[in-house]
Amino acid sequence: MDTELGYSIIPLAILGGAIRVSTPFLFVSLGEALTERSGRINLGLEGTLVFGAMSGYAVAYLTNSPWLGVGAAMICGALFGLIHGVICSLPRVNDIAVGIAMMILGMGLAFYFGKPYVQPVAPDLPAIGFGWWSDIPQVRAALEVNVLFLIGAVLAVVLWWMLRSTRIGLILRVVGDSTDAARAMGLRPAVVRTCATAVGGAFAGVGGAYLSLYYPGSWNEGISSGQGLMAVALVIFARWNPLACFGAALLFGGAGALGPVLQSVGISEGYYLFFAAPYVLTLGVLIATSSPTRAMTGAPGELSITK
Amino acid sequence: MSTSSLSRRGFLKRTAAVAGAAAAPTIGFAGSHSPLTVGFIYVGPKDDFGYNQAHAEGAAAVKAMEGVVVVEEENVAETIDVQKSMESMINFDEAKLLFPTSFGYFNPHVLEVAPKHPDVRFQHAAGLWTEGMPTNVGSYFGYIGMGQYLNGITAGHATKTKKIGFVAAKPIPQVLLNINSFLLGARQVDPEITCQVIFTGEWSLAVKEAEATNALADAGCDVITCHVDGPKVVMETAAGRDCFVCGYHANQSPLAPEKYLTGAEWNWAGVYTGMVQTVLDGGTIDNFVRGGLADGFIKMSPLGPAVSDASRAQFEAVKAEIMAGGFTAIKGPLKDNTGKVIAAEGEGFAEDDIALESMDYLVEGVIGSTS
């Protein structure tokens, strides 16, 4: 079989990379979008992601079931979110400072409890092969789609619809835009925000489980390398819109695949520059879409960074 | 930096000691001979299936020695952090022998701290000690490139596409030598074979390593090896793409038993216990120590089930040549992959040739570039 695809491998690899790498970005940014829509920032999601990766891997290894691992990661993530939410509900507590503390705590705990699980091999999450129609192994490999990616895609649409057209979405948006208005309506902003942060944490935990249970598919201390932080930034990039989060996650995943694939087709000069592609892209898009009149469109009014 | 800089670990140790003394005032320090404290510093976690684990296994062997106390610190960055770690081990733990094991620790960090502590010995892995550097600094390393050469021989027999792949961290001399040796080994089997290299830019970057491995598989490589700190991700991803793998740093065969051909492993236990024994006996370790397969610095993983008889025979024959010492893998006629002549007919660089430690080229047949 002919395995020489030449330069046509580049778009294929970017597509494959987008599908493989984007899922953690997607889950963390969806969770953060939800949290920020309620008026709070949770910077601790990097820690939640890493702890989710560790707990998911550990439970999957101990029970031999990757789905129990995902469940455990979700529960742990929700707990981290809950702690952040409850602490931030206390008077005069800064959510950004708590977030940084939670990030360091999450990573520290994950490293501490994760020591015995660096070596063992846990079962992987299943993937669905959408490349059955093709004889080319590269196409088949690129179209191996993990179930969590599909769930994430559906979730993005559901969240978008929920924020737009449901009562829960309305409550979230009111709380996020004006604490006073929410109080006047008889809502309890602190409770809503705490719940939103807990759900956001659960999403981030699932994103972590994807890292350790599918791609790259093992637990070690360098597994995240800052993806949780980047995903938080993606939310601003996506203007707090879940559908845009999905697009941004795909873009980031695909851009990350650019560096390795260009080297693999022989364009190897200046690979450090290609590795910076996702960040250059972000800067470019932010500059292109910025404007003095509508720069922060969509930003929740109660968010501490926009106040 | 001042010697009074406090480290978290040192602080915890002191407070724990104070608490312990308060709780059990009658227990004193036994023995008249104070033990030798040896410090090991790792750039990553010490159970990474790779570089750091290999050093930590050496440290574990030292720990078992009589009259020695071992202190270890993991995840120390190649920045001012390692200077703090070394100062803390010296000032709080009273370490007299340090093993900062990562390449980037050497210059400037070890070279800056060493002159301030003339009574402490610094043994650095992979660095290049030269005349004029502090005499209480030593550098040691092994000719693991020869291990990659042997890897290459099994890869040359196993490949069907005549294309093999290498996931590399950074283009430093040791990494380049490994890449070149891997290809030259494979070319002993078939001179048509090429080696695709992808640099990730960091010693440990799981997602990028997985992407690089996938890109190699997409490019048609069917045997893959690597030089990153923790090869676990590369091994698992490559085996998942139905590629054969050759290990590096430690034995990774449990990760892909059917696909694992062989691997180039470090064997630090013997080296470290020997060095510590020298210090215990009051001797001085040489400033510049190197060794290969014959000296027990490196070893090969047992050959996997996919290795053919022809492959095994050539592997064993070349291994015997290397064991005899002075083996020359980088020999003429040889050009680099930009066409520059590296060695003319009859010239060559034996495994212990110091010129290899400033390698800055990829040989002809390697697809990739160093910058």
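Of the 307 residues of chain A, 54% count as buried, where buried means under 20% relative accessible area with a 1.4 Å probe, protein chains only. The structure is a predicted model, in which local features need pLDDT of at least 70 and side-chain atom pairs count only at pLDDT 80 or more, while totals for chains, interfaces and linings use all residues. Residues are numbered from 1 along each chain as its sequence is written, chains are lettered from A and ligands numbered from 1 in the order in which they are written, and side-chain values use heavy atoms, with hydrogens and water left out.

Chain A contains 13 helices and two strands; helices (H or I, at least four residues) and strands (E, at least two) are DSSP runs numbered from the N terminus. A compact globule of 307 residues would have a radius of gyration near 19 Å, and the 20 Å of chain A agrees with this. The radius is taken over C-alpha atoms, and the globule rule is 2.2 Å times the number of residues to the power 0.38. Along the principal axes, the C-alpha atoms of chain A fill a box of roughly 70 × 50 × 35 Å. Among contacts (heavy atoms within 4.5 Å) in chain A between residues at least 6 apart in sequence, 76% join residues at least 24 apart. The accessible surface of chain A is about 12700 Å², and carbon and sulfur atoms account for 71% of it; such areas come from the Shrake-Rupley method with a 1.4 Å probe, and for residues only the protein chains shown count as cover.

Chain B has 10 helices and 17 strands. Its radius of gyration is 22 Å, close to the 21 Å given by the globule rule for 371 residues, so chain B is as compact as a globular protein of that length. The C-alpha atoms of chain B occupy a box of roughly 70 × 40 × 35 Å along the principal axes. Of the 371 residues of chain B, 59% are buried.

Methods
Buried < 20%, exposed > 50% of the residue type's maximum accessible area, 1.4 Å probe, protein only.
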